[in-house]
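Please take a moment to look over the sequence and the model before reading on. The paragraphs below lead through the two chains one after the other, beginning with the terms that are needed.

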Amino acid sequence: MFIGLLLTCVFLLGILALRLAAAGRKHQRAVTDLDDALKRSREDAERQRMRMAKQSDIDRMKTEFVSTVSHELRTPLTSIRGALGLLSSGLMGKMDDKSQNLLRIASSNTERLIRLINDILDLERMESGAAPALLRRCSLFDLARESVEAMNAVAEAANIRLTLHCFAAQDAVYFSADADRMLQVMTNLLSNAIKFSPAGSIVSVQINADAESVYLKVIDRGRGVPADKLESIFNRFQQVESTDSSKKGGTGLGLAICRSIVLQHGGAIWAQVNQSEGQTVAGTTFCVQFARCARASDAVRSNVSLEQCGQGVILICDDDAELRTVVGELLRQNGYEIVEAGSGEEVIALAQEQAMRNAPVPPISAILLDLYLPGLSGLETLRQLKSSAVTEAIPVVVVSVSAPSERLLRSGEAQGWVQKPFDESLLLAELRRALESGPDEQASQRPIRASRLTV
Amino acid sequence: MRRILIIDDEEDIREVAALSLETTAGWEILTADSGMEGIRVAAESSPVPDAILLDVMMPEMDGPTTFQRMQENAALASIPVLLLTAKVQGVDQRRFAGMGFAGVLFKPFDPLTLAAQIAEKLGWVTG
């Protein structure tokens, strides 16, 4: 009997051993599969990084080419402008009228050529991103006032009166902008309005705002842009009449540059025919619209995307320094400020420091967290963040090669999820969503929707 | 009467700039076609020039390098230097600001206001 028991035990042990071995192999396969998936994801991310790098290489070469060419062109133009300027001024001696007129023609066209080169380079640099905008909170009214003051002399010389009115409360017209670029837009619009207005008329500048946007209007009473050209005038080298370039001295790029700047700021620009009581009257109105900037003290959450207001400090955690740089640049271009961390421990330390008075770190608005970290794992980092009173309220968006974890999203540990390789606009949207809904909302009340690039 | 030294490798630009300053402001003009030549002319000038217009892009020794050499020469280090550059856009201006230049002038310059621009940058009340 004892032997029977022994044999049964051995038999059972054998079965157990076989089962364990089978489970072990299955486990091994699962681990291998996960490993492969991880490797593929990493390769995809690497390919996307290389694609982005190559495109920016091409852009940089194009900008360098345009920059080099315009620099080379300016050298001979210096001598030409100098010589013609001195001659046509009369300082070198009086000349007969015909010769003087020829010199005037040569001189003024030299000026036009110089402006053209500047505009071309300006446009190219803006459109290739070589000249990133420095965004800060600006008052549309203050900027308008500055540009009107700057253009007053030109307006007076053309016998045009400039007026400025703000139809909204002065503290309601703030938006996120690069002040110098905005002034460039307004100066361009005013310059056009003055050029195309008859002497003795008025050019009006109006500022307005509603719950979501701020508006700028420049209204002239000139011959007006024909309705069928209202869109095309924003294209390069478009003039309404072919003689405009020479008569009005324009480069044909002014409105293209305005549009480029406005689009860079996420705004809209358009032109409309002036109407009075349903009738078309003389002149054109150029309109510019931007998203309004919510104030930090606003109790009511507005629909305005926070990302445009430069009020968010985002902590980016990823052990891949290059990725931190790429994402950091993307966020900066969208008005955020950046703090970087390369490990879970750093994230915890920075997040806790920021809550202290006289903190060396500004208050953090959200955290972008990679899960695969050296040392303290992403998951463990997340857990520690959410279990500390000081840091639990900071929204966290997980950025990882792993697919979104419903469990983490439902439990409220993660407020958003972006899977690598990711689309830039998806990342921005997910970040915005996490910032706007805030950590106090129950995660389970939101539909689970994580963003990833479908390949 | 002010004495200005113009250093630029382009002969036509030297001529036009000189003519502009002589005609509009009555200043006395010295010229040089390279950094090395410019340093020599400045050192041998008595009295030393009141200001130097220095081209940025020159073969052999560029503007900023010429400026650095001048700083090493006690007699020349105190002469205000204005850079002349055709690169209107870009980050170059920020680079120059930290180096100790009195200012930057852009090409192509307006020949009728060049003297006034120089005077304004250097805080000269009268020519």
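An axis is a line fitted to C-alpha atoms, for helices over the stretch in contact, and angles run from 0 to 180 degrees between N-to-C directions. Helices (H or I, at least four residues) and strands (E, at least two) are DSSP runs, numbered from the N terminus. The model is a predicted one, in which local features need pLDDT of at least 70 and side-chain atom pairs count only at pLDDT 80 or more, while totals for chains, interfaces and linings use all residues. Residues are numbered from 1 along each chain as its sequence is written, and chains are lettered from A and ligands numbered from 1 in the order in which they are written.

Chain A contains 11 helices and 13 strands. Two packed helices are described by the angle between their axes and the distance between the axes. The axes of α1(A) and α2(A) cross at roughly 160 degrees and come within 9 Å of each other. These two helices are therefore roughly antiparallel to each other, given that angles under 35 degrees count as roughly parallel, over 145 as roughly antiparallel, 65 to 115 as roughly perpendicular and the rest as oblique. The crossing of α1(A) and α2(A) is left-handed; this term applies if the near helix is turned anticlockwise from the far one by less than a right angle, and right-handed applies if it is turned clockwise. In the contact of α1(A) with α2(A) there are 13 nonpolar, eight polar and five charged residues. Here Ala, Val, Leu, Ile, Met, Phe, Trp, Tyr, Cys and Pro count as nonpolar, Asp, Glu, Lys and Arg as charged, and the others, Gly among them, as polar.

Which elements of chain A give two or more residues to the side that touches chain B? The contact between the chains takes 19 residues from chain A and 20 residues from chain B, where two residues are in contact if their C-beta atoms, placed from the backbone, lie within 7 Å. The elements in question are α1 (2-89) and α2 (97-127) of chain A. The largest share of this side of chain A, 13 residues, comes from α1(A). By class, the side of chain A that touches chain B has six nonpolar, nine polar and four charged residues.

The interior of chain A comes next. A residue is buried if 20 or more other C-beta atoms lie within 10 Å of its own, exposed if 12 or fewer, and partly exposed in between, with C-beta atoms placed from the backbone. Of the 455 residues of chain A, 33% count as buried. One example is L189(A), which counts as buried because it has 26 C-beta neighbours inside 10 Å. L189(A) is placed in helix α4 (residues 179-195) of chain A. Leaving aside residues up to four places away in sequence, L189(A) touches V218(A), C258(A) and F286(A). L189(A) and C258(A) are 69 residues apart along the chain, yet their C-alpha atoms are separated by 8.0 Å. By contrast, N159(A) counts as exposed, with 12 C-beta neighbours inside 10 Å. N159(A) is situated in the loop between α3 (140-157) and β2 (161-166) of chain A, and its phi is near 60 degrees, a positive value in a residue other than glycine.

Chain B has five helices and five strands, and along the sequence they follow the pattern β-α-β-α-β-α-β-α-β-α. Of the 127 residues of chain B, 35% count as buried. In helix α5 (residues 114-122) of chain B, the buried residues are L114(B), A115(B) and I118(B). They cover an arc of only 100 degrees around the axis, which puts them on the same side of α5(B); the arc is that of the directions from the helix axis to the C-beta atoms. An α-helix has 3.6 residues a turn, so residues three or four places apart point the same way. The buried residues of α5(B) pack against α1 (11-25), β3 (51-55) and β4 (81-85) of chain B. After α5(B) comes G123(B), whose phi is positive, near 70 degrees.

A cis peptide bond, with omega about 0 degrees, joins S46(B) and P47(B), and P47(B) is found in the loop between α2 (35-44) and β3 of chain B. The peptide bond from K107(B) to P108(B) is also cis, with omega near -10 degrees.
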